[in-house]
Amino acid sequence: MRGNPEAHELVAPGSLAAVLALLAESPGEWMPIAGGTELMVAHAAGRLDAKKLVSLWGIADLRFIETRPESFVIGAGTTFGDLRAHADLAAELPLIARAASWIGAIANQNRATIGGNLVNGSPAADSSPALLAYDAEVELISVRGTRRVAYSGFHTAYKRNVLAPDELLRAIHLPRRFARHRQYLRKVGPRRAMAIAKVALGATARVENGVVSEIRLGAASLAPFPTRLHRAEAAVQGRRVTGETIEAARSALLAEARPIDDIRSTAEYRRRVGANLLQEFLLELRVEPRP
Amino acid sequence: MNNGWPTIHLTVNGQSRAIRTPAMKRLLDVLREDLRLTGTKEGCGEGECGSCSVRMNGELVNSCLVPVLQAEGAEIETVEGLARNGELHPLQKAFLECGGAQCGICTPGMLMAATHLLARNPHPDLAEIREGLAGNLCRCTGFIRIFESVIAAAAGSTQMRGEQAGHAR
Ligand SMILES: Cc1cc2nc3c(=O)[nH]c(=O)nc-3n(C[C@H](O)[C@H](O)[C@H](O)COP(=O)(O)OP(=O)(O)OC[C@H]3O[C@@H](n4cnc5c(N)ncnc54)[C@H](O)[C@@H]3O)c2cc1C
Ligand code: FES
Ligand code: FES
């Protein structure tokens, strides 16, 4: 333990409105802390720069899963344990629960929030590929009001995003229109539990009369932040999944991927595995789904 | 200087406690230093090893990653709360019986993770036990004896009970 608890102020105003008022008073001065599974690790290592922290833990307005006719709305303070336990969500959008089961083990999942995962913005964030594949939108909130942006536009650079200093992530909106899509999520890493992904791919696609009418590909660790693979999507969209299509999609992915080299893996390995995962998904699309 | 410290209220193993402490102090340190409950161990200090696992409002958490202010008002269960009236908890007995504990550093966390697992799923299969304990690392036992201990406790082996009296100091 290198951090000094007395060097940081931590307050818990207890309601969303009170937190937003505090953020608005002096934008940029307060850092939100939800489950703390990123920030307390930084604190332990003595590299938590924020001097003032405001707790989001226990705020009911941030921890909920709402089922609407057209969408699921997930509060940013919802834990991965909550997400795994929600039967309707798991049945309809199964990639979410599967990703949630990867975020460390049980004790971590009971604290780690989906909002913290997205705002922390690791290129390897495990919830990101599924959210990208499901065309998620994020809802941001401040005393100025709320706004919604496509999740695919949320991250702007390594660990950067579109949040203003007085804003919080309030919720994630997941459209309920994937029941007839083919869905795919695979993470490649050293160990299933407790291991950061080297590469992960989430995908949804609609195949009608043998033609891919809709496809979304979301990748972790194929860029400095989680990203859609728009060029690879374009190579498949409107086509039959032939060997040629697969080759074109692989090439497109290799051309657009900009993975980083780090201690977990090399950029070259990530690109090749990313292309292989895409190929695996596309080959699955050729097999007729079981009724 | 500590005038700015909040008073934190916890119910620890059924007892109400109030502690004045920096808000960012880890629940782990409050348990060990302020409350002298040193059963909860620190291994990695960063969420990886599970030796600091406790239950907070019925949820398994790593106490090294909980700033104590976020535990305000919470019910905390630690390894010290498992034994009742000098009688070891069935899981504790099973760990002794089956060789689930060697050096003992991981044991309090393993016991809390196993307690949490059995509270939700009284008869887990091996895969469920592995998942339930996946966040708890052990450098001594090779895990198999720990899994066997959990299976034995779940089975509620009665034979175990008599034999344990000798170990239970
Ligand atoms: C042992 C261990 C294993 C892990 N394994 C994985 C893994 O396999 N995959 C993975 O992706 N991650 C993993 N993580 C990382 C971490 O658990 C996740 O990123 C988690 O989702 C972070 O959420 P949190 O609530 O704990 O974040 P915090 O630490 O509380 O916050 C993280 C960041 O998000 C900001 N923030 C939080 N909520 C909001 C909000 N509503 N609005 C604005 N900003 C906000 C904070 O200011 C901070 O910058 C692991 C961590 C540990 C300790
Ligand atoms: S000491 Fe908390 S998880 Fe290792
Ligand atoms: S018994 Fe020694 S670490 Fe598990």
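How many Å separate the centres of domain 1 of chain A and domain 2 of chain A, taken over C-alpha atoms? The separation of these centres is 19 Å.

This is a predicted model, in which local features need pLDDT of at least 70 and side-chain atom pairs count only at pLDDT 80 or more, whereas totals for chains, interfaces and linings use all residues. Residues are numbered from 1 along each chain as its sequence is written, chains are lettered from A and ligands numbered from 1 in the order in which they are written, and side-chain values use heavy atoms, with hydrogens and water left out.

**View 1. Domains 1 and 2 of chain A.** Chain A is divided into domain 1 (5–55), domain 2 (60–175) and domain 3 (182–285), with bounds from an automatic or database domain assignment. Domain 1 of chain A contributes 14 residues to the contact and domain 2 of chain A contributes 15 residues, where contact means heavy atoms within 4.5 Å. About 1200 Å² is buried between these two domains, 71% of it on carbon and sulfur atoms; buried area is the accessible area (Shrake-Rupley method, 1.4 Å probe) that two parts lose on being put together, summed over both. Of the area that domain 1 of chain A buries against domain 2 of chain A, 42% is supplied by A:L16, A:L20 and A:T37, more than by any other three residues.

View 2. Ligand 1 lies between chains A and B. Around ligand 1 there are 36 residues, of which A:P32, A:A34, A:T37, A:E38 and A:T113 come nearest; a residue is included if one of its heavy atoms lies within 4 Å of the ligand. By class, this shell has 21 nonpolar residues (Ala, Val, Leu, Ile, Met, Phe, Trp, Tyr, Cys and Pro), 10 polar and five charged (Asp, Glu, Lys and Arg), the polar class taking the others, Gly among them.

**View 3. Polar contacts and cover of ligand 1.** Polar contacts are pairs of N or O atoms within 3.5 Å. An N or O atom in the side chain of A:T37 is 2.6 Å from an oxygen atom of ligand 1. A polar backbone atom of A:A34 is 2.7 Å from a ligand 1 oxygen atom, and for a backbone N or O atom of A:G35 the distance to a ligand 1 oxygen atom is 2.8 Å. Ligand 1 taken alone exposes 990 Å², and the protein buries 94% of that. The elements of chain A that give two or more residues to the shell are β2 (31–33), α2 (39–44), α7 (114–120) and β10 (168–175); helices (H or I, at least four residues) and strands (E, at least two) are DSSP runs, numbered from the N terminus. The most is given by α7(A), with four residues.

**View 4. Interface of chains A and B.** In this interface, 30 residues of chain A are in contact with 29 residues of chain B. The two chains bury about 2300 Å² between them, with 64% of it on carbon and sulfur atoms. On the chain A side, A:L10, A:M40 and A:R111 lose the most area to chain B, together 25% of what that side buries.

Notes: A polar contact is a pair of N or O atoms within 3.5 Å; within protein, one must be able to donate a hydrogen and the other to accept it, and residues adjacent in sequence count only if both atoms are side-chain atoms. Accessible areas come from the Shrake-Rupley method with a 1.4 Å probe; for residues, only the protein chains shown count as cover.
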